[in-house]
Amino acid sequence: MRLVSVATLMATVRLLTAGALIIGACAAVARASDLDVSVVDRDGKPVPNVAVYAVPLGEASGGSAATATATMNQIDVQFHPHILIVQQGTAVSFPNTDTIAHHVYSFSDPQQFDLAIYKGDLHPPVTFDRPGLVTLGCNIHDNMLGYILVVETDMFGKTNNVGQATLPLNRSGEFKVRIWSPRIRDRSDSLSRTVTLSGGRDQVLRFSLESKLRPPRDSDSGALAWSDY
Amino acid sequence: MVRLLTATFLSPLLLALVSHADEPARHDFTTGADFSFIQTNGVDSWTDGFVGKLRYDDFSDGLTISRGFLEHRFRLADTLDTRVAIEAYDDNLGPAADFTEAFLEWRPVPRSRNRYRFKLGAFYPRVSMENVDPGWSSPYTLSSSAINSWIAEEIKTIGAELSVSRRPQSLGGRHTFVGQVAVFYANDPAGSLLAWKGWSVHDRQTRFGDKLPLPPLPQIQPGRLMERQDPFVAPFREIDNRAGYYLNGEWRIGQRFALRAMHYDNRGDPEAVEGGQYAWRTKFVHVGAQATLPLEIGLIGQWMRGSTVMGSPVDGVHLVDTEFDSLFLLLTRRFDKHRISARYDNFEVTQNDSTPEDNNPESGHTWTLAYRYSASDNVQLAAEWLSIKTHHCGWVYYGILPTHTEQQLQLSLRFQFGN
C-alpha cells in the first residue's frame with residue numbers, strides 16, 4: 001500500500017516537474033522579469049546556499065498565499081536540505097529516510113514542536129504560520145542541525161554554486177530584499193536592501209559581504225567516529 | 001563456549017521477535033562476537049594472575065572467541081531509555097556473560113538552547129575517544145590504549161551524571177559546548193590494579209561480577225603488611241561510604257574537532273578496608289582531543305595524569321603512594337571499507353612510598369598497528385600487531401627481568417548484527 005502511494009507520489013512529482021519546466025519555458029518566451037541577486041564574500045568570491053527573499057512593502061503586498069508543501073528530509077543522520085525556505089503558511093513534512101529513528105524538534109520562537117521518535121512518514125506535516133528562523137535538531141543525534149526560514153513572501157530562493165539566486169518578479173512595488181545564511185557574520189542591517197521593482201524589467205542586486213564567512217558546515221569525512229554527547 | 005554464544009545472541013533475537021514491525025522498534029540492539037587467532041610473545045598475562053601487559057599469553061594462543069557483546073536500548077518513553085551492555089568472555093574471571101553498563105537515560109526535548117541529559121545507573125565516564133562503537137568497541141584498533149584499557153579495567157560511574165550542552169547560534173551553529181557533572185559511589189578499589197599491576201593494553205572490560213587477579217605481591221601474603229587484601233580486585237565495591245565526583249568539559253566544532261578535559265576524584269578513604277578490598281583515593285585529570293587533519297587523516301590524543309594512594313599516611317606518605325601518567329596518539333585513515341590505524345602509547349607509574357617489597361614504578365611504551373576491513377554491516381575483519389616495552393622495578397620479585405618487550409598479533413573476524 002505504502003509502496004503504491006510512494007510510486008504515485010513520485011509520478012506526481014515527475015509530472016509536476018515536467019509541468020513546471022514547460023511553464024518555465026513559456027514564461028521565458030513571454031519574457032517575465034526576474035530579480036537576480038548575487039552574493040559575494042569580501043574577496044569577491046560567490047557564496048552558495050544563501051537564502052534570498054523579497055518582502056513586499058506597502059502597495060506591493062499581495063502575491064499568492066502559501067499553498068505549496070515542502071519537505072525537510074533526514075538522510076545519513078543529517079537534515080536535507082540544510083536550509084529550507086518556505087512561505088509563511090507552508091506545510092512541511094519531515095520524512096525520515098534513514099534506517100534509524102529520529103526525534104526532530106525545534107525550540108525556536110516562530111514554531112516550537114517535536115516529532116517523537118519515528119521512521120518514515122509517521123508524522124503529519126507541520127504548518128509554519130509565523131515568520132522567522134526555525135532551528136531544527138534531533139533529540140537522539142546531537143550533531144544534526146537544520147534550518148527552516150519562514151518568510152512573508154512568495155518571492156524567495158537560494159544562491160546556487162555561482163552565488164546567484166533568481167526570484168521571479170511577479171509584481172511591482174517596493175520590496176525589502178534580505179539575505180541570510182548561518183555562515184554570514186555581517187551586521188544584519190547590511191543584509192537587507194529596500195528596492196523598487198517593476199515587472200517587465202530584469203533587476204540585478206549584489207550583496208558584497210564585509211566580514212569573513214564562517215566555514216561551511218562540515219560533512220562527516222569518515223576519518224573519525226564522533227560520539228553523541 | 002556454548003553458554004557464551006547463547007547469552008550473547010539469543011536474548012536480542014527473542015527481543016527482535018516480540019517487537020512490533022510498523023513503528024520504530026522500542027528495542028534497539030547490536031550484538032556480535034569476535035573470533036580471533038592470537039599469537040603472543042611475552043610474559044604470562046595479568047588475566048592469569050601474573051604481570052604480563054596483554055590479555056593473552058602462551059596459554060591462550062591460537063583460535064579463540066575473544067569476546068561476545070550485546071548493547072541494548074529499550075525505549076520506556078520518547079525521551080526515556082534503559083540501556084545495558086553485556087560482555088561475554090571465556091576466561092573465568094567472572095560469569096560467562098555479565099553487564100558492563102546498565103543505566104537509565106533521560107533526554108528531555110530541549111525548550112531552549114540548553115540541552116540536558118541525565119544518566120542514572122552504571123556507565124563509563126566520558127574519557128575514551130576510541131571506544132565509540134557498539135559494545136564500547138573501537139573502530140580503529142582491537143586493543144584499547146593504555147589509558148582506556150585502565151578505564152575498562154577499573155573505572156565505572158555508579159551514580160548519576162548531568163550533562164548540559166549548548167550550540168550558540170552566534171557562532172553559526174558549528175560550535176558545541178558540553179559540561180558534565182557526576183556523583184558516584186561504589187568505585188573504591190579503583191587504582192589497585194594500576195598501582196600493583198601497572199598499565200596494560202587489551203580489549204577486556206571488567207563486568208560487575210568480575211574478580212581481577214592481582215600479581216603474587218609479597219606484601220599481600222598472609223602475615224605481611226597488606227594481608228587483608230584478597231588476591232583479586234573487585235573494583236566496583238563501596239567500602240568507605242563516601243561519594244566521588246567528576247567534572248568534564250567538552251568543546252566541539254562540527255565533526256572536525258573535539259577537545260575535552262576532566263577532573264576525576266573518587267574521594268576514597270585510603271584507610272578503609274572491607275571484605276578483602278581496600279578503598280584507594282584515586283584522582284586524575286584527563287585531556288583528550290580529536291581532529292580531522294588534511295588528507296582526511298584522523299588524529300586522536302589523550303593524556304592522563306593522576307595519583308592513587310592506599311593505607312595510613314606517615315609524614316604525608318601513604319603505605320602505597322603512586323602517581324601515574326600516560327599519553328597516546330592515534331592516527332587513522334579510512335579508504336572506503338578499509339581503515340588503517342597506528343597508535344603510540346607512553347605510560348609511567350612513579351612511587352612516593354618506600355614500603356619494602358612493594359616496588360611499583362614502571363615505564364614503557366607501546367606501538368600498535370591495525371587494519372580493519374568492513375566486508376558488510378555484519379562482517380568485519382581486523383588484523384592488529386602490537387609491541388609493548390616495559391621496565392618494571394617490581395618484576396624481580398617474580399623471578400623475571402625488569403625489562404621486557406611483549407608482542408601480540410591478533411587476527412579477528414567479527415560477526416555483528418542489530419536492528
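A polar contact is taken here as a pair of N or O atoms within 3.5 Å, where, within protein, one atom must be able to donate a hydrogen and the other to accept it. On this criterion, in what is a predicted model, 14 residue pairs are in polar contact between chain A and chain B, with both residues of each pair at pLDDT 80 or more. On the side of chain A that touches chain B, at least two residues each are supplied by β8 (102-106), β9 (113-118), β11 (132-138) and β12 (145-151) of chain A, and β9(A) gives the most, with 4 residues. By residue class, that side of chain A divides into 20 nonpolar, 10 polar and 8 charged residues.

The contact as a whole draws 38 residues from chain A and 46 residues from chain B. About 3700 Å² is buried between the two chains, 49% of it on carbon and sulfur atoms. In chain A, the residues that lose the most area to chain B are L224(A), W226(A) and Y229(A), which together account for 23% of what that side buries. Two of these residues, L224(A) and W226(A), are touched by T292(B), whose contacts also include S221(A) and A223(A) as well as Q255(B), R256(B) and I297(B) within its own chain, residues up to four places away in sequence not being counted. T292(B) is found in strand β14 (residues 281-293) of chain B, and it counts as buried because its relative accessibility is 11%, under the 20% cut-off.

Within chain B, R83(B) and E105(B) form a salt bridge with closest N and O atoms 2.9 Å apart. This pair links distant parts of the chain, since R83(B) is in strand β3 (residues 80-88) and E105(B) in strand β4 (residues 97-106), 22 residues apart. R83(B) is partly exposed, with a relative accessible area of 22%, whereas E105(B) counts as buried at 4% relative accessibility. A salt bridge also connects D210(B) with R207(B), at 2.8 Å between the closest N and O atoms; D210(B) is buried at 2% relative accessibility, as is R207(B) at 0%. Salt bridges that share partners join D142(A), R83(B), E105(B), R107(B), R115(B) and R117(B) into one network.

Methods
Residues numbered from 1 in each chain as written. Chains lettered and ligands numbered in written order. Predicted model: local features only at pLDDT ≥ 70, side-chain atom pairs only at ≥ 80, totals over all residues. Heavy atoms only, no water. Contact = heavy atoms within 4.5 Å. Buried area = accessible area lost by both parts, 1.4 Å probe. Polar contact = N/O pair within 3.5 Å; in protein donor to acceptor, adjacent residues only side chain to side chain. Nonpolar A, V, L, I, M, F, W, Y, C, P; charged D, E, K, R; others polar. Buried < 20%, exposed > 50% of the residue type's maximum accessible area, 1.4 Å probe, protein only. Salt bridge = Lys/Arg side-chain N within 4 Å of Asp/Glu carboxyl O.
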